[in-house]
Amino acid sequence: MSKKHTKKSGFTLIELLVVIAIIALLLSIIVPALSRAKVIAQKTICRSNMRQQVLGVMLYSQENDTWVPTINSGSWLWDLSFWSTNQISNYAGFDDNKIYYCPANLLKVHDDARFWQFSWVGSWGVTLTQKQAIRDESVLTNAEQRSNFRVMSTLYMFDKINSAGVSTLGPTLQSGQKSTWVSKLSSLRSASSTLLLMDSVISQGTQNFFEITAGGVGADFGTFDNSNHASRQRFPGSNYLKPEGANVGFADGSVGWRKFEEMQLQFNNGGVNFWW
């Protein structure tokens with residue numbers, strides 16, 4: 001008795017193309033969703049980091065006649081002295097310098113001394129293209145902690161006072177508004193509407209939010225200063241990109257999100273425009 005053989009048939013070309021089309025369709029749905037979820041997670045972590053910083057400032061202020069922990073170190077809004085960050089960390093009860101950096105920032109990172117210990121590692125005017133290890137700061141005197149500064153991904157609205165007791169930041173913003181640089185919280189008219197900290201949202205000119213080549217640390221490190229919040233979208237009817245917005249912390253201790261459409265160009269330093 002002969003055995004009956006059946007011929008096994010594989011996928012036809014049409015069936016294979018249908019499967020590929022279905023997979024492509026699923027990927028087109030899933031990948032943007034995953035990307036969006038990553039952006040939301042970054043914004044949430046950033047907001048949490050900012051909330052801890054604001055808490056440290058508020059607790060320091062309560063025990064120091066409402067002064068904020070600032071000193072005249074550096075010239076940019078993201079420059080903050082070693083001493084200032086140490087006070088914020090101590091009062092808020094954290095010791096992780098990752099708190100000071102937005103996870104959406106592609107350039108400034110917490111474990112690179114070129115940012116965390118900017119003025120100490122000899123970064124000023126020196127091209128350091130390689131990541132630098134964090135140094136032991138316990139060897140620094142109090143005066144050295146006050147004179148050295150870090151480069152953050154957060155902007156600080158702390159006033160900068162020179163040796164003559166005069167603010168070096170100027171009384172008027174580029175938007176024409178009167179500036180509100182913070183030194184004592186008790187001197188503020190409206191703490192709930194006064195910005196204390198914010199994500200660094202900058203542009204070169206009024207349209208370039210991505211490859212910032214003027215000012216900042218880009219020239220020293222041989223790279224562009226990508227200091228804007230993660231998600232960039234195209235302006236309607238335009239080919240250039242913009243940030244979604246920024247996390248902001250207020251002088252009453254609250255933290256929130258500000259859409260880019262609600263932000264204004266308000267300050268210029270070294271060819272870089274700051275938005276808040």
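Helices (H or I, at least four residues) and strands (E, at least two) are DSSP runs, numbered from the N terminus. By that count the protein has 5 helices and 11 strands. This is a predicted model, in which local features need pLDDT of at least 70, side-chain atom pairs count only at pLDDT 80 or more, and totals for chains, interfaces and linings use all residues. Residues are numbered from 1 along each chain as its sequence is written, and side-chain values use heavy atoms, with hydrogens and water left out.

**Overall**

- Of the 276 residues of the protein, 45% count as buried. Buried means under 20% relative accessible area, exposed means over 50%, and partly exposed lies in between (1.4 Å probe, protein chains only).
- The accessible surface comes to about 14,500 Å². Carbon and sulfur atoms hold 56% of that surface. Areas come from the Shrake-Rupley method with a 1.4 Å probe; for residues, only the protein chains shown count as cover.
- Take the contacts in the protein with a separation of 6 or more: 64% of them join residues 24 or more positions apart. Contact means heavy atoms within 4.5 Å.

- An open sheet is formed by 4 strands in the order 3-4-8-9, with antiparallel pairing. Two strands pair if DSSP finds at least two bridges between them.
- Strand 3 (154-156) and strand 9 (255-259) stand at the edges. Each has a single partner strand, so one side of each is left without a neighbour in the sheet.
- From one strand to the next, the twist averages 25°. Axes are lines fitted to C-alpha atoms, for helices over the stretch in contact, and angles run from 0 to 180 degrees between N-to-C directions.
- Strand 3 and strand 4 pair in the antiparallel sense over 3 bridges. Tyrosine 156 stands opposite leucine 197 in strand 4.
- Strand 4 (residues 195-199) and strand 8 (residues 245-250) also pair in the antiparallel sense, over 3 bridges. Leucine 197 has glycine 249 of strand 8 as its bridge partner. Leucine 195 stands opposite phenylalanine 250 in strand 8.
- Strand 4 is mostly covered, with 5 of its 5 residues buried.

**Valine 255 in strand 9**

- Valine 255 is found in strand 9. Its relative accessibility is 16%, so valine 255 counts as buried.
- Not counting residues up to four places away in sequence, valine 255 touches Arg47, Met50, Arg51, Val54, Val248 and Gly249.
- Valine 255 and leucine 196 are 59 residues apart in sequence. In space they are 9.7 Å apart, C-alpha to C-alpha.

- Ile14, Val18, Ile22, Leu25, Leu26, Ile29 and Ile30 make a nonpolar surface patch of about 680 Å². Patches are made of residues with over 30% relative accessible area and no salt bridge; like charges are joined within 9 Å, nonpolar side chains (Val, Leu, Ile, Met, Phe, Trp, Tyr) within 5 Å. A salt bridge is a side-chain nitrogen of Lys or Arg within 4 Å of a carboxyl oxygen of Asp or Glu.
- Valine 18 lies in helix 1 (residues 13-63). Valine 18 counts as partly exposed because its relative accessibility is 43%.

**Helix 2**

- In helix 2 (residues 82-92), 8 of the 11 residues are buried, so this helix is largely enclosed by the rest of the structure.
- Among the buried residues of helix 2 are Phe82, Trp83, Gln87 and Ile88.
- Glycine 93 follows helix 2, and its phi is positive, near 80°.
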